[in-house]
Amino acid sequence: RRSRLTSQSVGLPEGRRRRVAGLRREEVAVLADVGITWYTWLEQGRPIRMAPATLDRICDALRLDRDERAYLHRLVFFTADEASWKVPVPERIADVIRSYTAGPAYVRGARWDLLAWNAAFEHTFGFTGSSPERNSLRHSFLDPNVQRMTIDWDVLARQLVASFRPDYAQHAGDDDFEALVAELRRESPTFARLWSDPDVLSPTASRSIRLRHPELGTVLYDSVSLLIPDMPHLTVVFGTIRHHPCSRRARRL
């Protein structure tokens, strides 16, 4: 994040000649009203004590937005129940998903495993669920059919990685999470490149993507993600499919 900021953008004088782009550590320390040695230890990942108010000042200094702030607070303060994310989806929720007919719908676990889905999801994305490792990120980054079908794949890929990052932050160090990230970095150059970026989005951000479907033509897939209050490890995603205005099939209709 420091490399994305300039002294002028945060109201500091340019000062002496810079060898690298972005803010220096001492400039962030001044803006956040913390010691330079302490801040250096923070960036180095040393075990230090921190109050929420101090972290908020660092967020202000780095000009983080709401999603980025929430992500950073999760990294520093959140302690997850290691087994909670492995709880299966209740059958009543799976029934609701399977009966949804307005478009694709599915339930996603904390590691973005696909736990339940409807027929429209299978038909739209060519997902059969036959793999023993059903995972939304694996499906998106390791299945070339998904990438060929997604018109704005580069945009969607960046959104997916940025949205997964806050969920990962709650379980960093968990063997299953680390194994998933390691596999995706190894097998997908796109994921590896995006994982090294600091971009963060809310895991429940809604999105709209264009698909080049072999049967439906060019369509727009709009989705909204919802959390279940008493089961925060689950995310329910509901979507709709509509013909793109430029689609030949849409004009015929």
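1. Is Ala-192 buried, partly exposed or exposed? At 24% relative accessibility, Ala-192 counts as partly exposed, because buried means under 20% relative accessible area, exposed means over 50%, and partly exposed lies in between (1.4 Å probe, protein chains only). Ala-192 is found in helix α11, residues 189–195. The C-alpha atoms of Ala-192 and Val-181 are separated by 8.8 Å, and these two residues are 11 apart along the chain.

2. A word on what you are looking at. This is a predicted model, in which local features need pLDDT of at least 70 and side-chain atom pairs count only at pLDDT 80 or more, while totals for chains, interfaces and linings use all residues. Residues are numbered from 1 along each chain as its sequence is written, and side-chain values use heavy atoms, with hydrogens and water left out.

3. Now the overall make-up. The protein chain has 12 helices and five strands; helices (H or I, at least four residues) and strands (E, at least two) are DSSP runs, numbered from the N terminus. Of its 253 residues, 45% count as buried. Taking contacts between residues at least 6 apart in sequence, 51% join residues at least 24 apart, where contact means heavy atoms within 4.5 Å.

4. Let's start with helix α1, residues 25–32. Glu-27, Val-28, Ala-29 and Ala-32 are buried in α1, and the buried residues of this helix pack against α2 (36–44) and α3 (52–61). Following α1 comes Asp-33, whose phi is positive, near 60°.

5. How do α1 and α3 pack? Two packed helices are described by the angle between their axes and the distance between the axes. For α1 and α3 the angle is about 120° and the axes are 8 Å apart; axes are lines fitted to C-alpha atoms, for helices over the stretch in contact, and angles run from 0 to 180 degrees between N-to-C directions. The two helices are therefore oblique to each other, given that angles under 35 degrees count as roughly parallel, over 145 as roughly antiparallel, 65 to 115 as roughly perpendicular and the rest as oblique. Val-28, Leu-31 and Ala-32 in α1 meet Arg-57, Ile-58 and Ala-61 in α3. The residues of this contact divide into five nonpolar, no polar and one charged (Ala, Val, Leu, Ile, Met, Phe, Trp, Tyr, Cys and Pro count as nonpolar, Asp, Glu, Lys and Arg as charged, and the others, Gly among them, as polar).

6. The loop between α3 and α4 holds Arg-63. Phi of Arg-63 is near 60°, a positive value in a residue other than glycine. Arg-63 counts as partly exposed, at 40% relative accessibility.

7. The axes of α4 (residues 66–77) and α9 (residues 153–169) come within 8 Å and cross at roughly 25°. That makes α4 roughly parallel to α9. Tyr-71, Arg-74 and Leu-75 in α4 meet Arg-165, Pro-166 and Ala-169 in α9. Here the contact residues divide into four nonpolar, no polar and two charged.

8. On to the sheet. Five strands form an open sheet in the order β2-β1-β5-β4-β3, with antiparallel pairing; two strands pair if DSSP finds at least two bridges between them. At the edges stand β2 (114–117) and β3 (207–213), each with a single partner strand, so one side of each is left without a neighbour in the sheet. From one strand to the next, the twist averages 25°. Helix α5 (residues 91–99) packs on the sheet, touching β1, β2, β4 (217–228) and β5 (231–243), and its direction makes about 5° with that of β5.

9. Arg-108 has Leu-114 in β2 as its bridge partner, Tyr-106 stands opposite Trp-117 in β2, and Val-107 has Val-236 in β5 as its bridge partner. In a regular strand the side chains alternate between the two faces of the sheet. Both faces of β1 are covered: Ala-105 and Val-107 on one side and Tyr-106 and Arg-108 on the other are all buried.

10. Finally, the hairpin turn. β1 and β2 form a hairpin with five residues between them. Trp-112 lies in this loop and has a positive phi of about 70° although it is not a glycine. At 1% relative accessibility, Trp-112 counts as buried.
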